[in-house]
Amino acid sequence: MSLSFSMASERRRIVSGSLEASVNLECQRCMQAMPAVLTSRFTLGVVTSDAQAQQLPKELEPFLTDEFSADLWAMVEDELLLVLPPFPLHERDDCPARADLEAYEPEHSPEAPKKAAGKENPFSVLAELKRTKH
């Protein structure tokens, strides 16, 4: 984690930084632990009111503080929450629930391309009609 504090034009206080955290998330397929690395790069404008937040340039996100102190741990926590994946999932081949997935979604199993190749397309009749001129 690195944080940098500066003063920009119009005496605007800026916090910029980068975060990297190794965490264990819960895979939403198998409900087992899944290691992940969360990374975030950010530039925030430090403000003390909603009116100041509305006057920030579009490239700055507001970081609301009181007049004399800022909760940096809350800021770091918020930034990490923003980069959490909405549905953490193991890679399909690495997931312990792979056998269950293939039972419910046979089109994704390794044998699926072989089965699909031998299956007749029900719309092939329409393709033949399109080729013939009437």
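Start by selecting Leu44 and Glu61: Leu44 stands opposite Glu61 in S4. Strand S4 covers residues 61-64, runs parallel to S3 and is joined to S3 by four bridges. Strands here are DSSP runs of E with at least two residues, helices are runs of H or I with at least four, and both are numbered from the N terminus. Two strands count as paired if DSSP finds at least two bridges between them.

A word on the model before moving on: this is a predicted structure, in which local features need pLDDT of at least 70 and side-chain atom pairs count only at pLDDT 80 or more, while totals for chains, interfaces and linings use all residues. Residues are numbered from 1 along each chain as its sequence is written, and side-chain values use heavy atoms, with hydrogens and water left out.

**Stop 1: the antiparallel strands**

Now colour S2 and S3, which pair in the antiparallel sense over 14 bridges.

**Stop 2: the turns**

Which residue in the turn between S1 and S2 has a positive phi of about 60°? Select Glu10: S1 and S2 form a hairpin with three residues between them, and Glu10 is the turn residue with that phi. Then click on Arg11, which lies in the loop between S1 and S2. Arg11 has a positive phi of about 55° although it is not a glycine. Most residues other than glycine have a negative phi. Arg11 counts as exposed, at 70% relative accessibility; exposed means over 50% relative accessible area, buried under 20%, and partly exposed in between (1.4 Å probe, protein chains only).

The hairpin of S2 and S3 has six residues between the strands, and Met31 takes a positive phi near 60° there. Met31 counts as partly exposed, with 48% relative accessibility.

**Stop 3: a charged pair**

Go back to Glu10 and show Arg12 with it. Their side chains meet in a salt bridge (3.0 Å, N to O). The term means a side-chain nitrogen of Lys or Arg within 4 Å of a carboxyl oxygen of Asp or Glu, and by this rule the count comes to one. Side chains of opposite charge can pair when their charged atoms come close. Are the two partners buried or exposed? Glu10 is exposed, with a relative accessible area of 65%, whereas Arg12 counts as buried at 17%.

**Stop 4: the nonpolar cores**

Select Val15, Leu19, Ala21, Leu38, Phe42, Leu44, Val46, Phe63, Met75, Val76 and Leu80, the 11 residues of the largest nonpolar core. Such a core is a set of buried Ala, Val, Leu, Ile, Met, Phe, Trp, Tyr and Cys residues joined through side-chain atoms within 4.5 Å. Strand S2 (12-26), S3 and helix H2 (72-82) are the elements that give two or more residues to this core. The largest share, four residues, comes from S3.

Centre on Phe42 and list its contacts (heavy atoms within 4.5 Å). Leaving aside neighbours within four places in sequence, Phe42 is in contact with residues including Leu3, Val15, Leu19, Met75 and Glu79. A second, separate core of seven residues includes Leu25, Met34, Cys95 and Ala97.

**Stop 5: Ser40**

Staying in S3 (residues 33-47), select Ser40. Ser40 is buried, with a relative accessible area of 6%. A polar contact of 3.5 Å joins the side chains of Ser40 and Glu79. A polar contact is a pair of N or O atoms within 3.5 Å; within protein, one must be able to donate a hydrogen and the other to accept it, and residues adjacent in sequence count only if both atoms are side-chain atoms. Not counting residues up to four places away in sequence, Ser40 also touches Gly17, Ser18, Leu19 and Val83, among others.

**Stop 6**

How many disulfides does a search of the whole structure find? The search finds zero, a disulfide being a pair of cysteine sulfur atoms within 2.5 Å. Select Cys27 to see this: the nearest cysteine sulfur, that of Cys30, is 3.7 Å away. Cys27 is buried, with a relative accessible area of 0%, and Cys30 counts as buried at 16%.
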